[in-house]
Structure formats: structure tokens, C-alpha cells
Amino acid sequence: AGIKTIGPFHKCFSSVVGPNGSGKSNVIDAMLFVFGKRAKKLRLNKVSELIHSSAAYKDDPLEFARVSVYFQEIRDTGDGDEEYEVIPNSEIVVTRYAKRDNSSQYKLDGKNVSFKQVASYLQSKGIDLDNNRFLILQGEVEMISMMPPKGKTENDEGLLEYLEDI
């Protein structure tokens with residue numbers, strides 16, 4: 001329970017690492033949750049399972065869980081990883097709530113919106129939630145490393161086709 005802040009993430013590459021049981025998967029699940037993944041994709045049966053429910057809250061159970069992702073637009077100022085500037089007043093916050101009744105609610109800068117509106121806004125900024133190559137999960141890293149260099153048929157995907165897609 002409470003607020004946990006993770007980040008900021010680097011503009012080029014960030015990795016979540018740590019020992020088993022340290023919460024790496026929870027961080028990724030939180031990001032997947034705010035980006036619209038269904039409970040079954042998050043190792044859950046229903047979104048209400050995201051709500052903290054330890055013995056400390058037995059008498060006064062929490063009513064929701066919330067994940068917010070803060071974005072800022074940046075402008076590259078050179079070729080280096082640190083050569084960029086933040087565009088003033090460009091911060092936007094995408095939030096998703098999980099409620100006890102298993103419903104969820106989205107907000108974009110504090111305003112109630114549909115997931116479609118969140119996806120459309122992020123798409124306009126270059127973040128494609130349908131082909132979310134911005135978030136590569138542990139199992140996908142292994143799958144990518146085992147890909148053949150090139151697909152055997154036109155419909156096959158090898159590493160070259162995968163990289164072209166990105």
C-alpha cells in the first residue's frame with residue numbers, strides 16, 4: 001500500500017533488474033496495466049486482485065489501486081544519449097485505476113477518458129500500444145535471441161523482419 005515511485009527511465013533504454021522476489025514483474029505488470037492489458041495477461045484473474053489487501057487493511061480495505069505513468073516530450077540536441085532537452089510544459093500523465101468491482105477507469109491528465117482515447121493520444125506521440133515494442137518482457141528477450149537471422153518463408157519472422165517491424 002502507499003505510493004511507490006520508479007524512474008525516471010532513460011530516453012534510449014531502461015532495464016528493470018534485481019533478485020528473485022524483488023518486484024521486477026510487479027513493475028512491468030503495473031506498466032502493462034496502465035497501457036491497457038487485461039487481467040489474464042497480468043498473471044491475474046481479475047483487476048481487483050491488484051488492490052493491496054494485507055492484514056494491516058483488513059478492517060478498512062482499500063477501494064482501488066492506481067498506476068500513473070508520467071511522460072515528457074523531449075527534443076534531441078545531438079547524437080549522444082544525454083543530448084536532449086525537455087520541452088517545457090509537455091508533461092502528461094496517464095492513469096488507470098483498478099476498482100473493487102473489477103472495473104477500471106482511465107485518466108489523461110486527470111480527466112476521465114476511455115482506453116481508446118489514451119491509446120489514440122499515445123499513438124499520436126509515437127507510442128504504439130498494439131505493437132508495444134517499447135516494452136520487451138523477459139520471455140521475449142529469450143525468444144528474440146533464439147530467432148533465426150531471416151524468416152524461412154514470406155510469413156515467417158526472423159530477426160531481420162523483427163527489427164524492420166520495430
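Trainee: What do the buried residues of α2 pack against?

Mentor: They pack against β1, β4, β5 and β6 (111-113). Contact means heavy atoms within 4.5 Å. This is a predicted model: local features need pLDDT of at least 70, side-chain atom pairs need 80 or more, and totals for chains, interfaces and linings use all residues. Residues are numbered from 1 along each chain as its sequence is written, and side-chain values use heavy atoms, leaving out hydrogens and water.

Trainee: Which residues of α2 are called buried?

Mentor: Val118, Ala119 and Leu122. The term means under 20% relative accessible area; exposed means over 50%, and partly exposed lies in between (1.4 Å probe, protein chains only).

Trainee: What puts these three on the same side of α2?

Mentor: They cover an arc of only 95 degrees around the axis, so they share one side of α2. The arc is that of the directions from the helix axis to the C-beta atoms. The face turned away from the buried side carries the exposed residues Lys116 and Ser124. Just after α2 comes Gly126, with a positive phi of about 90 degrees.

Trainee: What makes a set of residues the nonpolar core here?

Mentor: Members are buried Ala, Val, Leu, Ile, Met, Phe, Trp, Tyr or Cys, joined through side-chain atoms within 4.5 Å. The largest such core has 20 residues. Val34, Phe35, Val94, Val118, Leu122 and Leu129 have the most contacts inside it. At least two residues come from each of α1 (24-34), β1 (64-71), β4 (92-99), β5 (104-108) and α2 (115-124). Those elements are DSSP runs, numbered from the N terminus: helices are H or I, at least four residues; strands are E, at least two.

Trainee: Which residues of α1 are buried, and what covers them?

Mentor: Val27, Ile28, Asp29, Met31, Leu32, Phe33 and Val34 are buried. Their cover includes β1, β4 and β5. After α1 stands Gly36, whose phi is positive, near 95 degrees.

Trainee: How many salt bridges does a search of the whole structure find?

Mentor: Three.

Trainee: Why is the pair Lys125 and Glu73 called one?

Mentor: A salt bridge needs a side-chain nitrogen of Lys or Arg within 4 Å of a carboxyl oxygen of Asp or Glu. The closest N and O atoms of Lys125 and Glu73 are 2.9 Å apart, so the pair qualifies. The pair links distant parts of the chain, 52 residues apart. Lys125 is in the loop between α2 and α3 (138-145), and Glu73 is in the loop between β1 and β2 (74-76).

Trainee: Are Lys125 and Glu73 buried, exposed or partly exposed, and why?

Mentor: Lys125 has 41% relative accessibility, so it counts as partly exposed. Glu73 stands at 32%, so Glu73 is partly exposed as well.

Trainee: What makes Arg75 and Glu85 a salt bridge?

Mentor: The N to O distance is 2.4 Å, which is within the cut-off, so the term applies. Arg75 lies in strand β2 and Glu85 in strand β3 (residues 84-86), so the pair ties together parts ten residues apart in sequence. Arg75 is partly exposed at 42% relative accessible area. Glu85 is partly exposed at 36%.

Trainee: How do you know that Lys150 and Glu161 count too?

Mentor: Their side chains meet at 3.4 Å, N to O, so they pass the test. Lys150 lies in the loop between α3 and α4 (159-165) and Glu161 in helix α4, so the pair ties together parts eleven residues apart in sequence. Lys150 has 53% relative accessibility, so Lys150 counts as exposed.

Trainee: Why are Ile6, Phe9 and Val16 called a nonpolar patch?

Mentor: Patch residues have over 30% relative accessible area and no salt bridge; like charges are joined within 9 Å, and nonpolar side chains (Val, Leu, Ile, Met, Phe, Trp, Tyr) within 5 Å. Ile6 has 49%, so Ile6 clears the area cut-off and is partly exposed. Ile6 lies in the segment before α1. Together the three have about 250 Å² of accessible area.

Trainee: Where is Asn102, and what does it touch?

Mentor: Asn102 sits in the loop between β4 and β5. It touches Lys46, Val47 and Ser48, not counting residues up to four places away in sequence. At 36% relative accessibility, Asn102 counts as partly exposed.

Trainee: How many helices and strands does the chain have?

Mentor: Four helices and six strands. From the N terminus on, they run α-β-β-β-β-β-β-α-α-α. Of the 166 residues, 26% count as buried.

Notes:
Accessible areas come from the Shrake-Rupley method with a 1.4 Å probe; for residues, only the protein chains shown count as cover.
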